[in-house]
Amino acid sequence: MRHIAVNPYLPGWEYIPDGEPHVFGDRVYVYGSHDAPEGTAYCPGDYVCWSAPVDDLGAWTFEGVVWRKCDDPENADLAGYGASDVCEGADGRFYLFYFRMLTPEGPIMSVAACDEPAGRYRYVGPICLPSGEKFTGDSGFGMPFDPAALPCDDGGCWLYYGFGAKKAGGRLPVSATEGSFVVRLGDDMHTMAEEPRRLAPGYLQADGTGFEGHSFFEASSIRELDGRYYFVYSSEVGHELCWATMPEPWGPVSYGGVLVSNGDVGLPGHEDEADAVMDLGNNHGGMARIAGIDYIFYHRHTHGAQHARQGCAERIHIDENGSIEQVEITSCGLNCGALPCGRVYAASTCCHLVGPVGAVHYRGDLQISAQHPVVTQEVDAGCVTSARTYVANLCDGASVGWKYFAFTGNEDQVTLEVRGALAGGLSLRLDSPDGTEVVGIEVGEGDAWREVCAAMPAVQGDHAVYLVARGDGSADLSTILFS
């Protein structure tokens, strides 16, 4: 039986940002970096892989660790790895491209190989210039950062990378301002067959290019679909993934538009960051065509921090001209349809979560209010896989929402698992956090998790559901059920 898929698509205790989905055989595999729930820095974990059958995108399997920090012989300090990508070579082997930030030479991209998509990869070597010298940020072809790979049928692959900072300084060298690049690698999959070429412009190169306001910042990703090459990247805006197209793998590249924002910024009614529906932060992901349906994978931010990111996905529609409209973020994602009632859902599947003064955009050392609502978790008996994820700090004026639930008209009760004390309770509304109240739910008082129920009138059809907090105090929310 097909499983129900939700966002985030992996278990709530898993934190795989920068997700690159690839279909190999009859399964889709997701590669990325690896955050920690209480992380204080990006990507501290080893690389792991998850996969699902192409016809059941709610049935994800943990494939295990595919690349440890100690597997790179040059990673003596066991620094964390940044975003990764995998492609299948013409020789039938699978190649994992990754990069390390903390090296004496600056960022370094390297490659490892394996005979299967999710086995233990073995070190091949660093990306090298045609001369055989190691490629660094001082080589004159941009900064080695966020690699993405596209295989060539006749051997080798195209490698995409780069960074588009607005200025150099601090930890950022001049190469970090030069935008994105593409280069062909030879049959050994780590030596350049030619010099890199410039691709999408960074902030300093964007004037007059069509990329103004959405210039390349980071997060290169590449796919070939319907004879077009789609280049996906994170723009100067930070929270959005954009798309561009190319007639050939090396360009020229033309700006297309925004694919997704992890706060829905840019959609009608959410034209600027003040209207964001979730906390904003950096974004990274890739497109995938799975069983004939196109998706964009991206990540969101949790725990009120920048370093605990979770993978989400949404269905996209490519029209006959190859164009893609920005999609909204939802709770149902890979389900390709509203979530059926009669099941208990984690509150952390929410796609709307704002505090009394709105969402925040994580930058630098931003400190958020202790009353700001966040998705977080608790761990039972020290076992991460038993972690309860929940929404914390629902205080007066905060709202949490899910898109969408499929109501049959037979549901007459809503059940919440809550803790804490909220004098005015929670107001359940449909289709908008400013909509008419359907039912008021008393929360009660207590530090332990408990179920609270309320009768509700018959509702039919697919609806967004919102809970708006009212009164003194605050509550945490663990699950929601319509029955």
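Is cysteine 350 buried or exposed? Cysteine 350 is buried, with a relative accessible area of 3%, where buried stands for under 20% relative accessible area, exposed for over 50% and partly exposed for what lies in between (1.4 Å probe, protein chains only). The model examined here is predicted, so local features need pLDDT of at least 70 and side-chain atom pairs count only at pLDDT 80 or more, while totals for chains, interfaces and linings use all residues. Residues are numbered from 1 along each chain as its sequence is written, and side-chain values use heavy atoms, with hydrogens and water left out.

A disulfide is a covalent bond between the sulfur atoms of two cysteines. With a disulfide taken as a pair of cysteine sulfur atoms within 2.5 Å, the count comes to zero. Cysteine 152 takes part in no disulfide, and the nearest cysteine sulfur, belonging to cysteine 157, is 6.5 Å away. Cysteine 152 counts as buried, at 7% relative accessibility. For cysteine 350, the closest cysteine sulfur is that of cysteine 351, which at 7.3 Å is too far for a bond.

Attention now turns to charge pairs. Side chains of opposite charge can pair when their charged atoms come close. The structure holds 20 salt bridges, each defined as a side-chain nitrogen of Lys or Arg within 4 Å of a carboxyl oxygen of Asp or Glu. One of them joins aspartate 71 to arginine 120, with the closest N and O atoms 2.9 Å apart. This pair links distant parts of the chain, 49 residues apart: aspartate 71 sits in the loop between strand E4 (61–67) and strand E5 (85–88), and arginine 120 in the loop between strand E7 (108–114) and strand E8 (122–126). Strands here are DSSP runs (E, at least two residues), numbered from the N terminus, and helices are runs of H or I of at least four residues. Arginine 120 counts as partly exposed, at 32% relative accessibility.

Another salt bridge brings together the side chains of arginine 93 and aspartate 115 (3.1 Å, N to O). These residues are 22 apart and also link distant parts of the chain, with arginine 93 in the loop between E5 and strand E6 (94–100) and aspartate 115 in the loop between E7 and E8. Arginine 93 is partly exposed, its relative accessible area being 31%, whereas aspartate 115 is exposed at 61%.

Glutamate 328 and lysine 403 form a further salt bridge, in which the closest N and O atoms are 3.0 Å apart. Because glutamate 328 lies in the loop between strand E19 (309–315) and strand E20 (339–340) and lysine 403 in strand E25 (residues 399–408), the pair ties together parts that are 75 residues apart in sequence. Glutamate 328 counts as partly exposed at 26% relative accessibility, while lysine 403 counts as buried at 14%. Elsewhere, Asp72, Glu74, Arg100, Glu105 and Lys134 are linked in a network of salt bridges.

Lysine 403 returns in the backbone geometry. Most residues other than glycine have a negative phi, and most peptide bonds are trans. A cis peptide bond joins lysine 403 to tyrosine 404, with omega about 0 degrees, and tyrosine 404 also lies in strand E25. Glycine 251 and proline 252 are likewise joined by a cis peptide bond, with omega about -5 degrees. Proline 252 is placed in the loop between strand E15 (240–246) and strand E16 (254–261).

Methionine 189 counts as buried, at 1% relative accessibility. Cysteine 336 has a positive phi of about 55 degrees although it is not a glycine; its place is in the loop between E19 and E20. Aspartate 187 is exposed, with a relative accessible area of 62%. Together with Glu88, Asp91 and Asp188, Asp187 forms a negative surface patch. Such patches are made of residues with over 30% relative accessible area and no salt bridge, like charges being joined within 9 Å and nonpolar side chains (Val, Leu, Ile, Met, Phe, Trp, Tyr) within 5 Å.

Notes: Accessible areas come from the Shrake-Rupley method with a 1.4 Å probe; for residues, only the protein chains shown count as cover. Lys and Arg count as positive and Asp and Glu as negative; His and the chain ends are not counted. The place of a charge is taken as NZ of Lys, CZ of Arg, CG of Asp or CD of Glu.
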